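Work through the exercises below with the sequence and the structure in view.

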Amino acid sequence: MASAVPAATGRELSNPPSDGITNLRFSNHSDHLLVSSWDKSVRLYDASANVLRGEFMHAGPVLDCCFHDDSSGFSAAADNTVRRLFFSSNKEDILGRHDAPVRCVEYSYAAGQLITGSWDKTLKCWDPRGASGQERTLVGTYPQPERVYSLSLVGHRLVVATAGRHVNIYDLRNMSQPEQKRESSLKYQTRCVRCYPNGTGYALSSVEGRVAMEFFDLSEASQAKKYAFKCHRKSEAGRDIVYPVNAIAFHPIYGTFATGGCDGYVNVWDGNNKKRLYQYSKYPTSVAALSFSRDGRLLAVASSYTFEEGPKSNEPDAIFVRSVNEIEVKPKPKVYPNPPA
(Lines give C-alpha, C1' and ligand atoms only; values in the text may rest on other atoms or scores of the structure.)
Protein backbone atom coordinates (compact mmCIF):
# COMPACT_ATOMS: atom_id res chain seq x y z
CA MET A 1 0.00 0.00 0.00
CA ALA A 2 1.51 3.36 -0.99
CA SER A 3 1.86 5.91 1.76
CA ALA A 4 2.43 9.63 1.28
CA VAL A 5 4.45 9.70 4.50
CA PRO A 6 8.11 8.64 4.58
CA ALA A 7 8.39 5.24 6.23
CA ALA A 8 10.85 6.78 8.70
CA THR A 9 8.08 8.28 10.85
CA GLY A 10 5.60 5.42 10.44
CA ARG A 11 2.17 5.39 8.85
CA GLU A 12 -0.02 8.43 9.49
CA LEU A 13 -3.57 7.59 10.63
CA SER A 14 -6.38 9.18 8.66
CA ASN A 15 -9.09 11.27 10.42
CA PRO A 16 -6.84 12.64 13.18
CA PRO A 17 -8.13 15.00 15.90
CA SER A 18 -8.43 18.66 14.85
CA ASP A 19 -6.66 20.07 17.93
CA GLY A 20 -3.93 19.09 20.39
CA ILE A 21 -3.66 15.38 21.26
CA THR A 22 -3.61 14.84 25.04
CA ASN A 23 -3.03 11.08 25.10
CA LEU A 24 -3.18 7.89 23.10
CA ARG A 25 -3.26 4.29 24.30
CA PHE A 26 -3.25 0.86 22.76
CA SER A 27 -5.69 -1.76 24.03
CA ASN A 28 -4.41 -4.70 26.10
CA HIS A 29 -6.35 -7.04 23.82
CA SER A 30 -5.95 -5.81 20.22
CA ASP A 31 -4.37 -3.13 18.01
CA HIS A 32 -7.18 -0.72 18.82
CA LEU A 33 -5.97 2.74 19.79
CA LEU A 34 -7.87 5.27 21.94
CA VAL A 35 -7.00 8.97 21.48
CA SER A 36 -8.12 12.02 23.51
CA SER A 37 -7.88 15.62 22.32
CA TRP A 38 -8.47 19.31 23.03
CA ASP A 39 -11.02 19.15 20.18
CA LYS A 40 -13.41 17.64 22.81
CA SER A 41 -13.27 14.18 21.26
CA VAL A 42 -12.17 10.67 22.09
CA ARG A 43 -11.47 8.65 18.95
CA LEU A 44 -11.16 4.87 18.61
CA TYR A 45 -8.96 3.60 15.77
CA ASP A 46 -8.01 0.21 14.46
CA ALA A 47 -4.33 1.10 14.15
CA SER A 48 -3.39 -1.89 11.97
CA ALA A 49 -6.18 -1.28 9.45
CA ASN A 50 -5.96 2.55 9.70
CA VAL A 51 -9.71 2.83 10.29
CA LEU A 52 -11.57 5.25 12.60
CA ARG A 53 -14.00 2.95 14.47
CA GLY A 54 -15.75 5.46 16.71
CA GLU A 55 -15.86 9.02 17.97
CA PHE A 56 -17.23 10.45 21.22
CA MET A 57 -17.82 14.18 21.61
CA HIS A 58 -17.60 15.80 25.06
CA ALA A 59 -18.65 19.21 26.41
CA GLY A 60 -15.03 20.29 26.89
CA PRO A 61 -11.47 19.30 26.02
CA VAL A 62 -10.58 15.69 26.88
CA LEU A 63 -7.34 15.46 28.87
CA ASP A 64 -6.92 11.66 29.09
CA CYS A 65 -8.50 8.34 28.10
CA CYS A 66 -7.97 4.64 28.75
CA PHE A 67 -9.46 1.26 27.84
CA HIS A 68 -11.59 -0.85 30.17
CA ASP A 69 -11.70 -3.73 27.69
CA ASP A 70 -12.11 -3.94 23.93
CA SER A 71 -15.76 -2.94 24.16
CA SER A 72 -15.50 0.09 26.46
CA GLY A 73 -13.21 2.80 27.77
CA PHE A 74 -13.06 5.86 30.02
CA SER A 75 -12.28 9.53 29.57
CA ALA A 76 -11.20 12.44 31.76
CA ALA A 77 -12.42 15.86 30.68
CA ALA A 78 -11.89 19.56 31.36
CA ASP A 79 -15.63 19.89 32.11
CA ASN A 80 -14.81 18.02 35.40
CA THR A 81 -16.47 14.78 34.26
CA VAL A 82 -15.33 11.16 34.18
CA ARG A 83 -17.11 9.31 31.39
CA ARG A 84 -17.57 5.71 30.37
CA LEU A 85 -17.59 5.07 26.61
CA PHE A 86 -19.35 2.10 24.98
CA PHE A 87 -17.72 1.38 21.63
CA SER A 88 -20.30 -0.87 19.96
CA SER A 89 -23.24 1.50 20.55
CA ASN A 90 -21.19 4.76 20.41
CA LYS A 91 -22.96 5.72 23.66
CA GLU A 92 -21.50 7.12 26.86
CA ASP A 93 -22.50 7.89 30.41
CA ILE A 94 -21.08 10.04 33.18
CA LEU A 95 -19.45 7.87 35.84
CA GLY A 96 -18.81 10.83 38.15
CA ARG A 97 -17.31 14.26 38.65
CA HIS A 98 -14.44 16.17 40.20
CA ASP A 99 -14.48 19.85 41.27
CA ALA A 100 -12.00 20.88 38.57
CA PRO A 101 -10.72 19.47 35.25
CA VAL A 102 -9.87 15.76 35.38
CA ARG A 103 -6.28 15.35 34.18
CA CYS A 104 -5.64 11.57 34.39
CA VAL A 105 -7.53 8.31 34.20
CA GLU A 106 -6.22 4.76 34.74
CA TYR A 107 -8.08 1.45 34.95
CA SER A 108 -6.70 -1.11 37.40
CA TYR A 109 -7.26 -4.69 36.28
CA ALA A 110 -5.86 -5.85 39.65
CA ALA A 111 -8.44 -3.89 41.68
CA GLY A 112 -11.29 -3.71 39.14
CA GLN A 113 -11.38 0.04 39.75
CA LEU A 114 -10.97 3.25 37.81
CA ILE A 115 -8.59 5.83 39.28
CA THR A 116 -8.86 9.50 38.33
CA GLY A 117 -6.64 12.45 39.23
CA SER A 118 -7.76 16.06 39.01
CA TRP A 119 -6.59 19.65 39.29
CA ASP A 120 -8.96 19.79 42.29
CA LYS A 121 -6.04 18.16 44.22
CA THR A 122 -7.80 14.83 44.73
CA LEU A 123 -7.60 11.28 43.53
CA LYS A 124 -10.85 9.34 43.20
CA CYS A 125 -11.45 5.60 42.87
CA TRP A 126 -14.58 4.35 41.12
CA ASP A 127 -16.19 0.94 40.73
CA PRO A 128 -17.51 0.97 37.15
CA ARG A 129 -19.54 -2.18 37.90
CA GLY A 130 -21.76 -0.17 40.23
CA ALA A 131 -25.02 1.25 38.93
CA SER A 132 -24.68 4.63 37.27
CA GLY A 133 -24.71 7.66 39.50
CA GLN A 134 -21.82 9.13 41.41
CA GLU A 135 -22.85 7.98 44.89
CA ARG A 136 -23.09 4.36 43.74
CA THR A 137 -19.82 4.17 41.80
CA LEU A 138 -17.47 6.31 43.93
CA VAL A 139 -15.31 4.13 46.17
CA GLY A 140 -13.25 6.89 47.77
CA THR A 141 -11.74 10.37 47.49
CA TYR A 142 -8.12 10.90 48.53
CA PRO A 143 -6.68 14.41 48.98
CA GLN A 144 -3.33 15.11 47.26
CA PRO A 145 -0.73 17.75 48.14
CA GLU A 146 -1.27 19.55 44.81
CA ARG A 147 -2.92 19.27 41.37
CA VAL A 148 -2.51 15.79 39.86
CA TYR A 149 -0.40 15.80 36.68
CA SER A 150 0.29 12.12 35.99
CA LEU A 151 -0.68 8.65 37.26
CA SER A 152 0.72 5.18 36.65
CA LEU A 153 -0.19 1.68 37.81
CA VAL A 154 1.64 -1.61 38.06
CA GLY A 155 -0.14 -4.49 39.81
CA HIS A 156 -1.60 -3.09 43.05
CA ARG A 157 0.78 -0.16 43.09
CA LEU A 158 -0.23 3.36 42.09
CA VAL A 159 2.17 6.28 41.58
CA VAL A 160 0.72 9.81 41.66
CA ALA A 161 2.79 12.79 40.47
CA THR A 162 1.47 16.25 41.30
CA ALA A 163 2.38 19.91 40.93
CA GLY A 164 5.02 21.04 43.42
CA ARG A 165 7.14 17.95 42.52
CA HIS A 166 5.30 15.66 44.96
CA VAL A 167 5.13 11.90 44.33
CA ASN A 168 2.73 9.70 46.34
CA ILE A 169 2.94 5.90 46.15
CA TYR A 170 -0.15 3.87 47.13
CA ASP A 171 -1.16 0.26 47.52
CA LEU A 172 -4.64 0.07 45.95
CA ARG A 173 -5.69 -2.42 48.63
CA ASN A 174 -5.19 0.24 51.33
CA MET A 175 -5.81 3.73 50.01
CA SER A 176 -6.28 5.35 53.45
CA GLN A 177 -2.79 6.83 53.20
CA PRO A 178 0.18 6.69 50.81
CA GLU A 179 2.64 3.84 51.32
CA GLN A 180 5.39 6.39 50.58
CA LYS A 181 5.47 10.17 50.18
CA ARG A 182 8.35 11.39 48.06
CA GLU A 183 9.62 14.46 46.34
CA SER A 184 10.76 14.28 42.72
CA SER A 185 14.53 14.00 42.45
CA LEU A 186 14.33 16.40 39.47
CA LYS A 187 14.37 20.15 40.15
CA TYR A 188 11.66 21.07 37.65
CA GLN A 189 7.96 20.38 37.14
CA THR A 190 6.97 16.75 36.53
CA ARG A 191 5.49 16.00 33.12
CA CYS A 192 5.01 12.20 33.11
CA VAL A 193 5.37 9.18 35.41
CA ARG A 194 5.34 5.54 34.23
CA CYS A 195 5.91 2.37 36.29
CA TYR A 196 8.41 -0.27 35.18
CA PRO A 197 6.59 -3.33 33.80
CA ASN A 198 8.47 -5.54 36.32
CA GLY A 199 6.95 -3.56 39.20
CA THR A 200 10.22 -2.48 40.87
CA GLY A 201 9.98 1.27 40.33
CA TYR A 202 9.08 4.11 37.99
CA ALA A 203 10.50 6.58 35.48
CA LEU A 204 9.60 10.24 35.90
CA SER A 205 10.21 13.02 33.37
CA SER A 206 10.35 16.80 33.76
CA VAL A 207 9.85 19.90 31.64
CA GLU A 208 13.63 20.39 31.74
CA GLY A 209 14.91 17.59 29.51
CA ARG A 210 15.54 14.97 32.19
CA VAL A 211 14.28 11.56 33.27
CA ALA A 212 14.73 10.04 36.76
CA MET A 213 14.83 6.27 37.27
CA GLU A 214 13.43 5.44 40.72
CA PHE A 215 12.89 2.30 42.83
CA PHE A 216 10.11 1.46 45.30
CA ASP A 217 12.26 -0.61 47.68
CA LEU A 218 13.69 1.75 50.30
CA SER A 219 16.67 -0.46 51.16
CA GLU A 220 20.08 1.14 50.70
CA ALA A 221 21.00 -1.35 47.96
CA SER A 222 17.90 -0.51 45.90
CA GLN A 223 18.16 3.24 46.41
CA ALA A 224 21.80 3.11 45.28
CA LYS A 225 20.53 2.04 41.84
CA LYS A 226 18.52 5.19 41.19
CA TYR A 227 19.83 7.78 38.76
CA ALA A 228 18.71 10.56 36.41
CA PHE A 229 19.83 11.45 32.91
CA LYS A 230 19.59 14.36 30.49
CA CYS A 231 17.75 13.96 27.18
CA HIS A 232 15.80 15.92 24.56
CA ARG A 233 18.34 18.75 24.41
CA LYS A 234 20.53 20.33 21.79
CA SER A 235 23.46 22.73 21.72
CA GLU A 236 23.11 25.79 19.56
CA ALA A 237 25.78 28.49 19.39
CA GLY A 238 27.33 27.18 22.61
CA ARG A 239 24.00 27.31 24.44
CA ASP A 240 22.02 24.33 25.70
CA ILE A 241 18.41 24.30 24.46
CA VAL A 242 16.32 22.12 26.76
CA TYR A 243 12.91 20.62 25.91
CA PRO A 244 10.11 19.16 28.07
CA VAL A 245 9.90 15.35 28.08
CA ASN A 246 6.16 14.84 27.56
CA ALA A 247 5.87 11.07 27.28
CA ILE A 248 7.36 7.80 28.53
CA ALA A 249 6.27 4.37 27.25
CA PHE A 250 7.72 1.02 28.31
CA HIS A 251 8.13 -1.83 25.84
CA PRO A 252 5.94 -4.67 27.17
CA ILE A 253 8.41 -7.46 26.29
CA TYR A 254 11.88 -6.01 26.84
CA GLY A 255 11.26 -3.40 29.57
CA THR A 256 13.20 -0.80 27.57
CA PHE A 257 11.40 2.50 27.13
CA ALA A 258 10.73 5.31 24.70
CA THR A 259 10.63 9.01 25.57
CA GLY A 260 9.02 11.76 23.50
CA GLY A 261 9.89 15.42 23.77
CA CYS A 262 9.02 18.90 22.55
CA ASP A 263 12.08 18.63 20.27
CA GLY A 264 10.03 16.30 18.04
CA TYR A 265 12.23 13.28 18.78
CA VAL A 266 11.47 9.82 20.13
CA ASN A 267 14.42 8.11 21.84
CA VAL A 268 14.54 4.49 23.03
CA TRP A 269 16.53 3.72 26.20
CA ASP A 270 17.88 0.68 28.00
CA GLY A 271 17.44 1.81 31.61
CA ASN A 272 19.35 -1.11 33.13
CA ASN A 273 22.47 -0.52 31.05
CA LYS A 274 22.05 3.28 30.99
CA LYS A 275 22.25 3.43 27.19
CA ARG A 276 20.31 4.99 24.38
CA LEU A 277 19.36 2.23 21.92
CA TYR A 278 17.78 4.26 19.16
CA GLN A 279 16.58 7.65 17.97
CA TYR A 280 13.77 7.80 15.42
CA SER A 281 13.65 10.43 12.65
CA LYS A 282 12.31 13.78 13.79
CA TYR A 283 8.51 14.21 13.90
CA PRO A 284 6.85 17.35 12.49
CA THR A 285 6.28 18.94 15.91
CA SER A 286 6.34 18.09 19.66
CA VAL A 287 5.81 14.44 20.62
CA ALA A 288 2.83 14.74 22.98
CA ALA A 289 2.16 11.04 23.74
CA LEU A 290 3.50 7.53 23.07
CA SER A 291 2.13 4.00 23.39
CA PHE A 292 3.43 0.54 22.51
CA SER A 293 0.92 -2.09 21.41
CA ARG A 294 0.37 -5.07 23.74
CA ASP A 295 2.97 -7.22 21.90
CA GLY A 296 5.42 -4.35 21.39
CA ARG A 297 5.26 -4.63 17.58
CA LEU A 298 3.71 -1.17 17.07
CA LEU A 299 4.51 2.25 18.52
CA ALA A 300 1.91 5.02 18.29
CA VAL A 301 3.31 8.56 18.29
CA ALA A 302 1.23 11.73 18.75
CA SER A 303 2.91 14.56 16.84
CA SER A 304 1.07 17.51 18.34
CA TYR A 305 2.25 20.96 19.43
CA THR A 306 1.93 21.29 23.22
CA PHE A 307 2.07 25.11 23.38
CA GLU A 308 5.34 25.14 25.32
CA GLU A 309 6.28 28.27 23.32
CA GLY A 310 2.80 29.83 23.45
CA PRO A 311 0.48 30.30 20.47
CA LYS A 312 2.29 30.09 17.12
CA SER A 313 1.62 28.57 13.73
CA ASN A 314 2.22 24.86 14.05
CA GLU A 315 2.12 21.62 12.09
CA PRO A 316 -1.25 19.82 12.00
CA ASP A 317 -1.90 17.33 14.80
CA ALA A 318 -1.13 13.81 13.60
CA ILE A 319 -0.87 10.22 14.83
CA PHE A 320 1.86 8.02 13.40
CA VAL A 321 1.92 4.25 13.89
CA ARG A 322 5.31 2.68 13.29
CA SER A 323 6.33 -0.95 13.10
CA VAL A 324 8.94 -1.60 15.77
CA ASN A 325 12.09 -3.42 14.75
CA GLU A 326 13.61 -5.64 17.45
CA ILE A 327 16.99 -3.94 17.04
CA GLU A 328 15.41 -0.64 18.19
CA VAL A 329 14.07 -1.95 21.50
CA LYS A 330 16.02 -5.08 22.51
CA PRO A 331 18.78 -4.54 25.08
CA LYS A 332 22.22 -5.22 23.67
CA PRO A 333 24.18 -7.87 25.58
CA LYS A 334 27.04 -6.51 27.64
CA VAL A 335 30.40 -7.20 26.04
CA TYR A 336 33.16 -8.08 28.48
CA PRO A 337 36.77 -7.65 27.29
CA ASN A 338 37.87 -11.04 28.64
CA PRO A 339 35.61 -14.02 29.15
CA PRO A 340 35.47 -15.03 32.82
CA ALA A 341 37.83 -17.97 33.58
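Predicted model: local features only at pLDDT ≥ 70, side-chain atom pairs only at ≥ 80, totals over all residues.

**Exercise 1.** Determine the order of the strands in the open sheet formed by four strands, and state which strands stand at its edges.

*Solution.* 
Step 1. The order is E6-E7-E8-E9, and the pairing is antiparallel.
Step 2. The edges are held by strand E6 (62-69) and strand E9 (91-97); each has a single partner strand, so one side of each is left without a neighbour in the sheet.
Step 3. On average, neighbouring strands of this sheet are turned by 25° against each other, direction ignored.

**Exercise 2.** Describe how E6 is joined to strand E7, and find the bridge partner of Asp64 in E7.

*Solution.* 
Step 1. Strand E7 covers residues 72-77 and runs antiparallel to E6, with six bridges between them.
Step 2. Asp64 has Ala76 of E7 as its bridge partner.

**Exercise 3.** Characterise the largest pocket by its volume and its lining.

*Solution.* 
Step 1. The volume is about 880 Å³.
Step 2. The lining comprises 30 residues, and those closest to the centre are Arg25, Phe26, Asn28, Glu106 and Leu153.
Step 3. Several elements give two or more residues to this lining, including strand E2 (21-26), E6 and strand E10 (102-108).
Step 4. E2 gives the most, with four residues.
Step 5. By class, 18 lining residues are nonpolar, eight polar and four charged.

Notes: Residues numbered from 1 in each chain as written. Heavy atoms only, no water. Pairing = 2+ DSSP bridges. Axes fitted to C-alpha atoms, helices over the stretch in contact; angles between N-to-C directions. 1 Å grid on protein atoms, 1.4 Å probe; cavity = no way out; pocket = protein on both sides within 12 Å on 5 of 7 lines; lining within 4 Å. Points joined across faces, edges and corners; volume = space filled by probe spheres on them. Nonpolar A, V, L, I, M, F, W, Y, C, P; charged D, E, K, R; others polar.
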